[in-house]
Amino acid sequence: MTKDYRTSIFLPKTDFPMKGNLPNREPDWLARWTENDIPGRLRQESEGREKFILHDGPPYANGDIHIGHALNKVLKDVIVRSRQMSGFDAVYVPGWDCHGLPIEWKIEEKYRKKKKSKDEVPLSEFRQECRDFAAHWIDVQREQFKRLGIFGDWDNPYLTMNFASEAKIEEELLKFLMNGGLYRGAKPVMWSVVEKTALAEAEVEYQDVVSTQIDVAFEITDSPIKELVGAHAVIWTTTPWTIPVNQALAYGPKVEYELVEFFASNNSEKEPTFLDDPELSYLGNCSGTTKRFLIASALKEEFGKRLSRYAESRHPGIGLSIGPVTVDGGFLIKGSDLAGTIARHPMHHLGGFYATPRPFLSGDFVTTDAGTGLVHMSPDHGEDDFALCKENGLDPVFAVNDDGTYRDNWLWLGGQGNVINKKFVASDGPICNDLRETGQLLAASDDFKHSYPHSWRSKAKVIFRCTPQWFISMDTNDLRKTALGEIEKVKWFPQTGQNRIRSMVEGRPDWVISRQRAWGVPISLFVRKSDGELLRDEKVNQRIIDAMKAEGADAWFSSDASRFLGNDYNPDDYEQVMDILDVWFDSGSTHSFVLEDRPDLQSPADLYLEGTDQHRGWFQSSLLESCGTRGRAPYKAVLTHGFTLDEKGLKMSKSLGNGIDPQKVVNQYGADIIRLWVTSTDYFNDHRIGDNIIKGQVEAYRKIRNTLRFLLGNLDGFSDEERLDVAEMPELERWVLHRLSELDVLIKDCIENYNFHRMYNALYNFCIVDLSAFYFDIRKDALYCDGLMTSRRRASRTVLDAIFHCLTRWMAPILAFTAEEVWQARYPDDKDSVHLQQFYDVPADWRDEALAAKWSKVRTLRRVVTGALEVERREKRIGSSLQAGVKVYVGDSGYVEALKGIDLAEISITSAASLAQGDAPEGAFTLEDVADVAVVPELSDGHKCERCWQVLPEVGTVDGHEDICGRCAEAVDASGIEIPEKEEA
């Protein structure tokens, strides 16, 4: 009978389970953190340290969190925890955006289901419903964020609807009033005819649509160029509904134009024919005369094709030919020569507004990219139109109502159809039909595909509409110049963000800050009725602010004007403005009542972090608000992440059913799987998630967990008495310490530059490649079978302890729950937490580049050995690698040098190994990517050691131990353990 040596082997021992069971275990850690007040203790223990402040961009409180929220909040948490463990006092105060259209729209939906308008509800009651709705979802989202392991001051978040916040937002607005940056003006803004309010660019999304495109003729009645009189200027538009408010035509001063005419020919006849058809009147009539058209020379062919298609649709078989008309002996007309030309509106016969001459105006924005090279101008419905017409004394006429219909007293189409209604603007709709009757509709088709802005809330098309609104000037007080200067000072991650926001600020119009809504902070201004002047009085301002501090923004709507005006002004002389503030002004002001007003924070913030869409949203509104009131940016650095797409790279949407619910992932796999996914993805760009990707993270987590379990199991009972000085350690252990020092530098750089994708990859590869597949694989034998206090085993356990302290802390910001579980598995009586620790202070002398170069060579050679043994195992010539011996042949003397002092059999995990420099025998195993290394595997000579399973000649020759090797005999003798006989099976 052989002996049973299992009791003498130091097998791993740990209660840390192989399976994480995260959905059930994570809530226990949340409860423990709360019970021990770990977040509160973090603040206490960090007092006096340098602060690091990531200012939270507020999500809307209007529904369950989605996967984009999860990525955003987890990434913030990883950053804050990393900075905290790097030695900072990293305070995180979460916040919520509580005002604005997203929340108001939800309350309106409730009333619409009851077939009731919000206007039928008292304003105070409606606003309270909005407040209650936001409060409910704040509580829901708070618990969902906490479940993801997010540390923060959840008991004291900032809310834009807190009374103090509303008062501060108002105070910030009134600063623009007092410095002259605020004004009321009428400009075209993006307008939702469904929500009946102006929208910010950030509230708009672009979708592909198919629109009606039309070519319309404007008869020229006067021109310095005599040949143009009686001819027709042609415009092209995809918004037919703007023709009823046309006031001018724009030409490009550098564009070349031609005068052309068209002839019709039947396919069976080559001679031109002239049709007496009012629908095709531009082809001439029976008298043989034709109409002449002014068109950009570069666009006449495309124009001709549109007319041909239209003519063919009316008269199948007809063909068109285009002919140039000479002007002053030539064919080309300089755009600049069109100055002074006058046309008339196609509906001029209606009189009034339509009888007014339409001047030709020079516009640098006119191009020959598409259309006709002539652009019809409607100052009510376009930024370029408005600016050019204003320059030339043409004002908006405000013909379109809030709901998108023409006002009742409008001469043409008064009270009719909604301008975003497809039927109303279709090629057979009322606008085109009326133009067709005048003979001035040259072509029309309902097939023009393009991108068009929509309200991201209602999903309906928006229009550009000129309405009286409140603006913050980009140029008064040099706001644009200041903002551009600050953009250069801020650090942008990635760097491309700087160019993105710079171009937006350079070209953006004045900031429209007014909304025609009910839920939000009011624009608390008084306007003198006699002359439209704004009331600027610090005492009045202070009364407004004090009232809001006490009663919230509702005070403005529920109080008489006299409460604010006092005895100094007669309320009858002033208009009390009832518009509300753009919600982006609310969130853009958060730096003032969060960073500046809270003693645990500071301004400017070290970091703002949101999605790439916030270059036009929160990043920009915060920048403009702060620059306009403080002359500087509210942040030192800005990090942007991309959008989360499905596995196929498609945008997630309810209609596609391709969304991923983070709550379901948490309930099925655990929050640490989401956290692992966040850091594993290249979040600087658009990134993907789906069932297969999540399963991939589950597998990656399993491998990481097994690495951590190996550490815990082999550190059981480790004490300071076992520690070995680095100088006494084998090279393999010193190489591991070198790898830790390399990782330490890399991780510090990743934290500094917010590159956690790179950090995750480095940690994952260290766990799986460097540790599990290499170091642990080699050292299992020494850890299990060496004598308890032998130097090799002590060295390995000392290094395992260093790995534990480095790796567990490095993992803590990413795998917040698992790192805590690992920490408590080793220190079960510790009332502290891994999250109260700082990163391990890696000694500088662990770095050894020469040793690293040597072991790089060793690992390359080992890959060839491992490959050869895999073949032997696959062919069933061996079972375990310990049954084998290997002969390694090298042609490069560098391998011989690298292997000096190294046990080749040990690193090969074989029972025997030899190294020879020279040619290998034919048939030796090689790898294509490794030159100068060949391996010949063979069975090892000797007998199997019943304790370590190595096959060695010495087994059976050791006195008193006929079935084990000499190393194992020493270990057994030193342990003093009595070895029992192995029971028969």
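Which residues in H21 meet Thr818, Glu821, Val822, Ala825 and Arg826 in H25?

## The model

This is a predicted model, where local features need pLDDT of at least 70, side-chain atom pairs count only at pLDDT 80 or more, and totals for chains, interfaces and linings use all residues. Residues are numbered from 1 along each chain as its sequence is written, and side-chain values use heavy atoms, leaving out hydrogens and water. Helices (H or I, at least four residues) and strands (E, at least two) are DSSP runs, numbered from the N terminus.

## H21 against H25

To settle the opening point: Tyr701, Arg705, Leu708 and Leu712 are the H21 residues that meet that H25 set, with contact meaning heavy atoms within 4.5 Å. Sorted by type, the residues of this contact are five nonpolar, one polar and three charged. Here Ala, Val, Leu, Ile, Met, Phe, Trp, Tyr, Cys and Pro count as nonpolar, Asp, Glu, Lys and Arg as charged, and the others, Gly among them, as polar.

As for geometry, the axes of H21 (residues 691–714) and H25 (residues 816–826) come within 11 Å and cross at roughly 15°. That makes the two helices roughly parallel, a label for angles under 35 degrees. Axes are lines fitted to C-alpha atoms, for helices over the stretch in contact, and angles run from 0 to 180 degrees between N-to-C directions. The crossing is right-handed, so the near helix is turned clockwise from the far one by less than a right angle.

## S7 and its partners

Strand S7 (residues 204–222) pairs with S17 (residues 441–455) through 12 bridges, running antiparallel; pairing takes at least two DSSP bridges between two strands. Asp215 sits opposite Ala443 in S17.

S7 is also antiparallel to S8 (residues 232–237), with six bridges, and there Glu219 has His232 as its bridge partner. Three bridges join S7 to S14 (residues 342–344), again antiparallel, and Ile220 is partnered with Ala343.

Most residues other than glycine have a negative phi, and most peptide bonds are trans. Phe493 and Pro494 are joined by a cis bond, omega about -5°, with Pro494 in the loop between strand S19 (491–493) and helix H12 (496–507). The bond from Ser603 to Pro604 is cis too, omega near 0°; Pro604 lies in the loop between helix H17 (590–595) and strand S25 (607–611).

Asn21 has a positive phi near 50° and sits in the segment before helix H1 (22–35). For Trp949, phi is near 70°, in the loop between strands S33 (943–944) and S34 (951–952).

Terms used. Parallel < 35°, antiparallel > 145°, perpendicular 65-115°, else oblique.
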